[in-house]
Amino acid sequence: MYKKIKPYMGGYLRYTRRSAVSITAAVILSVVPYFLLYQLIAPLLNGESLTSGYVALRVVITAVCLVGNAVLYVHGLDLSHYSAYNTLRNLRTALQGRLEQQPLGAIRELGNGRIKKVFTDDIETIELLLAHAIPEGIANLIIPAVVMVAMFFADWKLALLSLASLPFGMFAMGMMFKIGMSRMEAYYAAAAKMNNTIIEYINGMEVVKVFNRDGESYARYENDIHYYRDMTLDWYRICWPWMALYSSILPCVALFTLPIGGWFVLKGWSTLADFVLVLCMTLAVGPPLLKAIGFAGKFPQLNYKVEELERLLDNPPLKQSDRGFEGKNHDICFEDVHFSYKNTEVIHGIDLTIREGEMAALVGESGSGKSTLARLLVHFYDLDSGKITLGGQDITDMRIEALNDQIAFVSQEQFLFNTSLYENIRLGKPDASREEVLNAASLAQCDEFLERFPQGIDSKAGDGGKMLSGGERQRISLARALLKDAPIIVLDEATAFIDPENEEKMNAAISEVIRGKTVLIIAHRLHTVTGADQIIVLDNGNIDARGTHEELLKSSPVYQRLWAAAQQSIEWEVRA
């Protein structure tokens, strides 16, 4: 029961155990009144009279037991919740650590919906198991077991009759667990799919509305929700009969005791007093056993849920060492690099060297592998084979933080946090002064649009940077890169969202970012990289050609085709 969750509980496990002890004591106090009831009934059966003091004492003890039950139960739940929420914190922290070690590609494959479900919904459901199912389940199982043992000291024949219903109830419970566990994985998969679809539907609402695809998009949204509903109802529909069966049989300990035990008394095989005592004991067994049954279905889920959470983030962590950057310079070297997405190789034995202080550009058609090479350089993924070195040091032979210190990566889609633009820029250098941040923003040509905002650079960016246009977000990301001042700059379609009016400003910002740096640029607009020291032409994951702009125009048919297409796009216009 504790197998999977125990490592995350740490020192808080003792609070769960203390909770179980406190709730067990509370359940014992709830059982005592049934024995007091027997003490009142037994003398009457023997024709004895009861004094008011005798009755009053038992009434007072019953009241004390009920109050004690309430106090100890609440105290036990307080301890269990303290343990549960601290365990959830430990679990989230541990999963965060594992998430940070995952290749970024593996994280993207999970999808925002599934990750959100893992860190909020799935982990939150474990709270019920830790705070209630374990301490209350244990306590409410211990007491019926003890009471049933006590029945054998009263009358072993009546005790066996009390146990006679258990095999039927346990069989029904076992069938429910067997069926439930067989469908649990499909149930959670359906829930994860639904979450991803809901988030995609909401995020893509603008595109859906603009292109009038409401029906098509909503159909998928509706289908996934209906699939989850149908999966859940089918699961419950199969489990419900067995659940109803064991919920009815297991608590009814007197099912055979009452009729057959009465016959035993008539035959003289058992005394009436023992019969009444065992009946009182069965009444004491019923309520806690019913409560324990309510939690019984939760116990298998605890290990399953933790296993599922761990399995979700079970990809091999990125290869890295604890060494810092020890390269001789900032030369970048790809040596026989092979890489695959989902078992499909997309980079086929790339050999490439970019010298320190050199500007290199990767060009090619969409899907040729440009962005993949850039992401391999910043170690978003591990290679299938080959290696990438920085100044002669393998990027896997250093801490990922050390590599990040050497490279500033500016992609075509930059995420801004819903905090001030100032704080978004300062991510590039957390200890930067305000003057340094303002200077970086100015060099990145941000001053113009910052003046629009009432609070200037201290204005909020909005969720995901929605208060800014795509080009403005790109300039904020360039300001980050300027502030970071890393020796290597990787620009992945850095002008992707720039309109012609602002392209000059963006190019000026890029010029500031790359001054004196080793630069790798991924570009579709070939005219922006004609001055690069070398241009590498990629074709279907292979290097087709490399050289300067002039050399490639003479020697590379692929580059000639790309350049012709680029020139046509410049001259393209809309005509009435």
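In which helix is threonine 87 found? In this predicted model, threonine 87 belongs to helix 3, which spans residues 52-101. Its relative accessibility is 1%, and threonine 87 therefore counts as buried, the cut-off being under 20% relative accessible area. When neighbours within four places in sequence are left aside, the contacts of threonine 87 are with Ile5, Tyr8, Met9, Tyr12 and Leu130.

Threonine 518 lies in strand 8, formed by residues 518-522. Its relative accessible area is 1%, so threonine 518 is likewise buried. Apart from neighbours within four places in sequence, threonine 518 is in contact with His330 and Ile332, with the residues Ile354, Arg355, Glu356, Gly357 and Glu358, and with Pro487, Ile488 and Ile489.

Of its 576 residues, 47% are buried. Among contacts with a separation of 6 or more, 78% are accounted for by residues 24 or more positions apart.

Two packed helices are described by the angle between their axes and the distance between the axes. For helix 16 (residues 434-443) and helix 18 (residues 470-484), the axes come within 8 Å and cross at roughly 125 degrees. Helix 16 is therefore oblique to helix 18, since angles of 65 to 115 degrees count as roughly perpendicular and those over 145 as roughly antiparallel. The crossing of helix 16 with helix 18 is right-handed. On the side of helix 16, the contact is made by Glu436, Val437, Ala440, Ala441 and Leu443, and helix 18 contributes Ala479, Leu482 and Leu483. By class, the residues of this contact comprise seven nonpolar and one charged, with no polar residue.

Three residues of helix 16, namely Val437, Ala440 and Ala441, are buried. These residues lie on the same side of helix 16 because they cover an arc of only 100 degrees around the axis. An α-helix has 3.6 residues a turn, so residues three or four places apart point the same way. The buried residues of helix 16 are covered by elements including helix 15 (421-426), helix 17 (447-450) and helix 18. Val437, Ala440 and Ala441 also take part in the contact with helix 18 described above. Just after helix 16, glutamine 445 adopts a positive phi of about 65 degrees.

How values were computed:
Residues are numbered from 1 along each chain as its sequence is written. This is a predicted model: local features need pLDDT of at least 70, side-chain atom pairs count only at pLDDT 80 or more; totals for chains, interfaces and linings use all residues. Side-chain values use heavy atoms; hydrogens and water are left out. Axes are lines fitted to C-alpha atoms, for helices over the stretch in contact, and angles run from 0 to 180 degrees between N-to-C directions. Helices (H or I, at least four residues) and strands (E, at least two) are DSSP runs, numbered from the N terminus. Angles under 35 degrees count as roughly parallel, over 145 as roughly antiparallel, 65 to 115 as roughly perpendicular and the rest as oblique. A crossing is left-handed if the near helix is turned anticlockwise from the far one by less than a right angle, and right-handed if clockwise. Contact means heavy atoms within 4.5 Å. Ala, Val, Leu, Ile, Met, Phe, Trp, Tyr, Cys and Pro count as nonpolar, Asp, Glu, Lys and Arg as charged, and the others, Gly among them, as polar. Buried means under 20% relative accessible area, exposed over 50%, partly exposed in between (1.4 Å probe, protein chains only). The arc is that of the directions from the helix axis to the C-beta atoms.
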